[in-house]
Every structure is written in structure tokens, then in C-alpha cells.
Amino acid sequence: MQVDAPALNPADFTEVEKAAIEEQIDRLLQNPYFSHSRRFPMFLRFVVGHTLAGQADEVKERTLGIEIFGRNPDYDTSSDPIVRVTAAEIRKRIAQYYQEPGHDGEIRISLPAGSYVPQFHRPHVAQVAAAAGGAEPESLTLVQVHPEIVTSPLETLPSRKHVLLGVALVLLGICVAVGGALWWRSLQRSAFDVFWEPILNSGDPVLFCIADQNQYTAMALRDAADPTHQTILKDNLTAVVMDDLNPVVKIAGILQAHGTKYSLKGEGSTTLTDLRTGPTVFVGAFDNAWTLRLTKPLRFHFANNADMTRFWIADSHAPDRTDWVIDRAQQQATNNYRDYAIVTRFTDTNTGKAAIVAAGVGRGGTIAAGEFLTDPAHLAQVVNAARASGKKNMEFVLSTEIIDGQPGTPKMEAAYFW
């Protein structure tokens with residue numbers, strides 16, 4: 001295991017050393033871990049540039065949200081995690097970059113957890129040289145020494161047969177090395193990358209299809225001079241359930257961090273043509289007809305009794321199963337109950353596009369589904385299971401304890417792959 005040397009103080013850097021760090025940033029951002037994103041390079045160049053310029057005190061979450069992501073100066077950082085999500089993803093990708101062979105001789109840049117101010121470390125090659133010589137290198141700048149190419153005298157040149165054999169062995173070695181590198185990189189991809197890859201790499205804008213309600217015919221407007229004074233304006237309004245916005249905000253943060261465009265439409269105005277333009281995220285269950293239609297053929301799907309007092313998730317492999325049920329009367333009377341949700345990612349055969357569903361039987365289940373989809377630790381368990389199955393499509397049943405209307409941690413109840 002490689003351990004970085006203590007972080008160097010940017011205030012002590014010479015102009016040559018600063019130029020070497022900027023060159024390393026260019027090298028880092030040309031790597032596929034970063035080159036396919038628009039936000040990651042902007043983020044890294046901002047934090048590194050300000051740190052080298054002695055302005056590390058300006059490298060703060062709110063400043064990054066305003067400068068990189070275009071947030072308003074007074075935006076709520078606690079409810080909008082875009083900067084934290086992006087920083088976590090950058091930390092992971094930096095670690096993956098330096099784990100690849102061939103980067104030991106490069107300046108190491110890190111983004112410590114809990115901070116957005118980067119740190120700079122001498123290359124591992126320099127550390128080894130220092131240990132061997134018993135002295136600390138005087139400069140951050142690394143001079144790479146390449147072995148000389150020695151040419152044999154003409155009389156010692158090998159025969160053509162030996163040359164061809166040598167070329168064949170070299171080519172074989174290259175193929176093995178490339179194959180091994182690809183295999184190694186596939187193992188290094190995080191669960192987060194594996195799950196979201198079909199969405200983020202599709203190249204198409206993502207559509208959020210969210211549940212809506214159309215029963216409102218008036219809205220209250222407040223007086224600018226006296227906000228306590230209101231007037232009622234007659235209008236036909238489309239309302240969105242606040243709890244459904246929770247997963248939308250979380251997932252939208254991921255999309256924006258990766259430079260992926262997205263739009264929102266109510267389920268009542270969403271058409272099949274809309275769904276054919278790119279990946280879709282469906283939010284909400286019993287108030288979203290598209291979710292019910294899309295999940296009906298799946299193993300796990302939503303169901304209810306005739307008078308709609310009991311709602312549940314059904315299992316087509318076990319039709320008599322009744323443990324994922326919500327009793328509406330109990331839910332309304334106590335606001336303490338166990339909620340359930342379906343999370344799925346698959347290719348819709350009707351559109352040929354990737355579809356993700358985050359839908360709870362109740363509102364708390366939908367919030368839990370959004371948390372599950374955006375938490376790398378939760379995704380790790382499902383992606384590991386998907387890798388073991390060798391299947392690409394996946395569906396999960398989640399449960400969460402609702403206490404005073406607030407959901408707890410999501411727990412996976414069942415999984416299915418096809």
C-alpha cells in the first residue's frame with residue numbers, strides 16, 4: 001500500500017513548482033476519469049488555482065456552488081448537496097487515477113475528506129529516492145530519467161526468425177497487458193459508476209416524470225409591502241407532492257455534477273414520444289400512471305384492493321405474499337408504520353431507453369428510494385449482486401420505518417436481475 005508524503009505548503013512553492021502542479025492538473029483532466037465531464041475540470045481548476053494563488057480561504061462550499069454550479073448567493077447548502085456530491089466523486093476518481101500503473105512518478109494531488117482545499121504531495125518515486133539517499137528532496141519538481149536505448153553491433157544482430165519471434169512475443173505481451181489493464185479498471189469502477197453509467201453516458205437528456213395533481217383552481221398571493229395580506233387568484237394549477245421532490249433534487253444533483261442535462265414533466269403531460277428521447281426517471285407510484293404501467297410486467301409491482309384501503313408491492317413469483325402492505329387507515333391514524341418502495345433500472349422495451357423508478361407505496365417510501373439511489377454505500381450492495389448475476393437489468397424492494405411521518409434508513413428486502 002502506498003502512503004503519501006506529508007502535504008506540502010503552497011505558500012513555499014516556487015513558480016516552477018506551481019507550473020509543475022498546473023501541468024499535473026492538465027494531465028489528470030485528460031484522463032477518461034475526468035475528460036468526459038464538464039463540471040469536474042471546472043471544479044478542480046477552481047480549487048487548485050485559488051489555492052496556488054494563496055486564496056484557499058475562498059475555497060468554500062457556498063463559493064463553489066455559486067461559481068461552478070450557478071447557484072444563488074443565498075442558496076441552502078444543507079438541502080442542495082451538489083458541491084458535496086461532486087467533491088466526493090472527484091476524490092474517488094483521483095484515487096482511481098493514482099492507483100493505475102504508471103502514475104507513481106507524478107505529483108500527487110488530493111482533496112481531503114471534509115475540505116475542498118487540495119493538497120499536494122511529492123511523487124512516490126521522489127519519496128523512494130529520498131529514503132535511499134537518506135535526504136529529503138529539495139524540490140517538488142520531478143525529473144524523470146529514461147533508460148538509454150543500447151544498440152547492438154551489426155555482427156550481433158539476431159536472425160530474422162528470432163526477430164519475428166521477438167515481435168510476436170512483444171505483441172502478445174501488449175495484448176495481455178491491455179486486457180489486464182481493462183480488467184483491472186473494470187474492477188476499480190465504483191458501484192455508483194456501474195449503476196448510473198447507462199444514464200450518464202447515454203448522451204441524451206434525462207426526463208423526470210413526476211406525479212402531479214390537477215385539483216387546484218386557486219392560489220394565494222402575498223402583498224409585497226405587507227406579506228401578511230393575501231389575495232386569492234383564480235387559476236388552474238398543477239401541484240407536485242413535496243416528498244416527491246426529495247429524490248428529484250438528489251438525482252438532479254448527480255446529473256448536474258456530471259454535466260448531464262435534464263427536464264421535468266408531470267405524469268399527466270408525459271407522452272410516449274417524450275420517453276423515447278432519452279433515459280427517464282419515474283418518481284411516485286400510485287399517483288403516477290406511468291410508474292404503474294411500467295412496473296406492471298415486472299416481477300415486483302404495485303397492487304391494491306378494490307376499495308383502495310390497502311396498498312402493497314406484489315411478487316409475481318409468490319402471488320400469495322402479503323408482507324409488503326400498508327393499511328391506509330393505520331397510516332392516517334398513527335403516522336407510524338413501515339413503508340415499502342420499488343427501485344429499478346432497466347431498458348424499456350417500448351422505448352429502447354434506460355428507465356429508473358424510485359417509487360414508494362407511501363410518500364416516505366419514495367424518499368427512501370431517492371436516498372438509496374444516491375448513496376454509494378447502498379448502491380454497492382446491489383451492484384455487487386448484479387455483477388455476480390451477470391445481468392444488466394435490476395429491481396429491488398426496499399423498506400423503511402416511518403416515525404411521525406419521517407422515513408428512516410432504507411433496507412433492501414428483495415432483489416431480482418434479468
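Which residues do ring pairs link into a cluster? They are Phe286, Phe302 and Phe311. Rings of Phe, Tyr and Trp (its six-membered ring) pair if their centres lie within 6.5 Å.

This is a predicted model, where local features need pLDDT of at least 70, side-chain atom pairs count only at pLDDT 80 or more, and totals for chains, interfaces and linings use all residues. Residues are numbered from 1 along each chain as its sequence is written, and side-chain values use heavy atoms, with hydrogens and water left out.

Start with the whole protein. There are 14 helices and 15 strands. Helices (H or I, at least four residues) and strands (E, at least two) are DSSP runs, numbered from the N terminus. The protein has 418 residues, and 42% of them count as buried. Buried means under 20% relative accessible area, exposed over 50%, and partly exposed in between (1.4 Å probe, protein chains only). The protein exposes about 22700 Å². Carbon and sulfur atoms supply 55% of that area. Accessible areas come from the Shrake-Rupley method with a 1.4 Å probe; for residues, only the protein chains shown count as cover. A contact means heavy atoms within 4.5 Å. Among contacts between residues at least 6 apart in sequence, 60% join residues at least 24 apart.

Next comes confidence. The pLDDT is the predictor's confidence in each residue, from 0 to 100. Its average over the protein is 82, and 80% of the residues score at least 70. Among the elements, strand S7 (residues 280–283) has the highest mean, 97. Helix H6 (residues 124–133) has the lowest, 49. Over residues 134–139 the pLDDT is below 50, and this stretch has 9 contacts in the model beyond near neighbours in sequence. Residues 141–157 also have a pLDDT below 50; beyond near neighbours in sequence, they make 6 contacts.

Now look at helix H3, residues 39–52. Its 14 residues reach 20 Å from the first C-alpha to the last. That is close to the 20 Å expected at 1.5 Å a residue. The expected span is 1.5 Å times one less than the number of residues. In H3, 11 of the 14 residues are buried, so the helix is largely enclosed by the rest of the structure. Among the buried residues are Arg39, Phe43, Phe46 and His50. What covers them? The cover of the buried H3 residues includes helix H1 (15–29), helix H5 (82–99), strand S2 (119–121) and helix H9 (242–257). Just after H3, Gly54 takes a positive phi of about 75 degrees.

Move on to helix H13, residues 363–374, where Thr374 is found. The side chain of Thr374 reaches the backbone oxygen of Gly370 at 2.9 Å. Not counting residues up to four places away in sequence, Thr374 touches Phe192, Lys250, Ile251 and Ile254.

Return to the rings. The structure holds 12 aromatic pairs. Planes under 30 degrees apart count as stacked, over 60 as edge-to-face and the rest as tilted. Phe195 and Trp196 form an edge-to-face pair, 5.6 Å centre to centre with 75 degrees between the planes. Both Phe195 and Trp196 are buried. Phe372 and Phe396 form a tilted pair, at 6.3 Å centre to centre and 45 degrees between the planes. This pair links distant parts of the chain: Phe372 lies in helix H13 and Phe396 in strand S13 (residues 394–403), 24 residues apart. Phe372 is buried, with a relative accessible area of 0%. Phe396 also counts as buried, at 0% relative accessibility.

Methods
A polar contact is a pair of N or O atoms within 3.5 Å; within protein, one must be able to donate a hydrogen and the other to accept it, and residues adjacent in sequence count only if both atoms are side-chain atoms.
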